[in-house]
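The tour goes from one selection to the next.

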Amino acid sequence: MLALPNTANAAGAIRILLVDSKDRLGALATHVHDLVESGRQVIVATWHSPHEQLQERLTSLAVDPSRLFFVDAVGGRLIGGPRFLPNVLFVESPSLLEKALVRVEAACRRLGRPVTLVVDSVNVLELYNPPATAQEFLHVATNRMRALGVAVDLLHVRNRDTENTLERIRGLVDAVVEL
């Protein structure tokens, strides 16, 4: 894994993390592991896959679960509906973006500082929502997190539309980082 720029620990820093599709989950797990090891609390907001998939990887990396929180926009639909888990808040649909932001803010209140929000992933967020709606959501969410002093890492899986996506959201971020 690459050493990330100093913006990684800056309160309110916003980054795009570019990952290869072959090992998205592995790169994400390693990144979250490294954030936790650096002393950060981590919220993973996932539109890509249920939180259990990442949690399994993180358990194998011995990541302290007390430093993790998940906002899961897909898992509740796949497992027969949301259920209570102490470190997971479910969103009933990946298109309920306002509700997702409310859940992320609730997770921020539950965790101590410093916090990093990791969004998995911009690609899938744009599959469930029109690109203009996803862009507006990312704009509002990143500005809210910046105001709260929460760093944000927006995961983007490389594909043939990567440059178009980056053009749409580049103005929201402080850095683009290749993992």
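Helices (H or I, at least four residues) and strands (E, at least two) are DSSP runs, numbered from the N terminus. This is a predicted model, in which local features need pLDDT of at least 70 and side-chain atom pairs count only at pLDDT 80 or more, while totals for chains, interfaces and linings use all residues. Residues are numbered from 1 along each chain as its sequence is written, and side-chain values use heavy atoms, with hydrogens and water left out.

Select the whole protein chain. Its elements are seven helices and seven strands, in the order β-α-β-α-β-α-β-α-β-α-α-β-α-β from the N terminus. Of its 179 residues, 53% are buried. Buried means under 20% relative accessible area, exposed over 50%, and partly exposed in between (1.4 Å probe, protein chains only).

Next, select helix H2, residues 51-60; its buried residues are His51, Leu54 and Leu58. Looking down the axis of H2, these fall within an arc of 70 degrees, so they line one face of the helix. The arc is that of the directions from the helix axis to the C-beta atoms. Glu56, Thr59 and Ser60 are exposed on the other side of H2.

Now show what covers the buried residues of H2: the cover includes helix H1 (24-37) and the strands S2 (41-46), S3 (68-72) and S4 (88-90). After H2 comes Ala62, with a positive phi near 60 degrees.

Last, select Arg24 in helix H1. Is Arg24 buried or exposed? Arg24 counts as buried because its relative accessibility is 8%. Leaving aside residues up to four places away in sequence, Arg24 touches Val19, His48, Ser49, Asp120, Leu155 and Val157; contact means heavy atoms within 4.5 Å.
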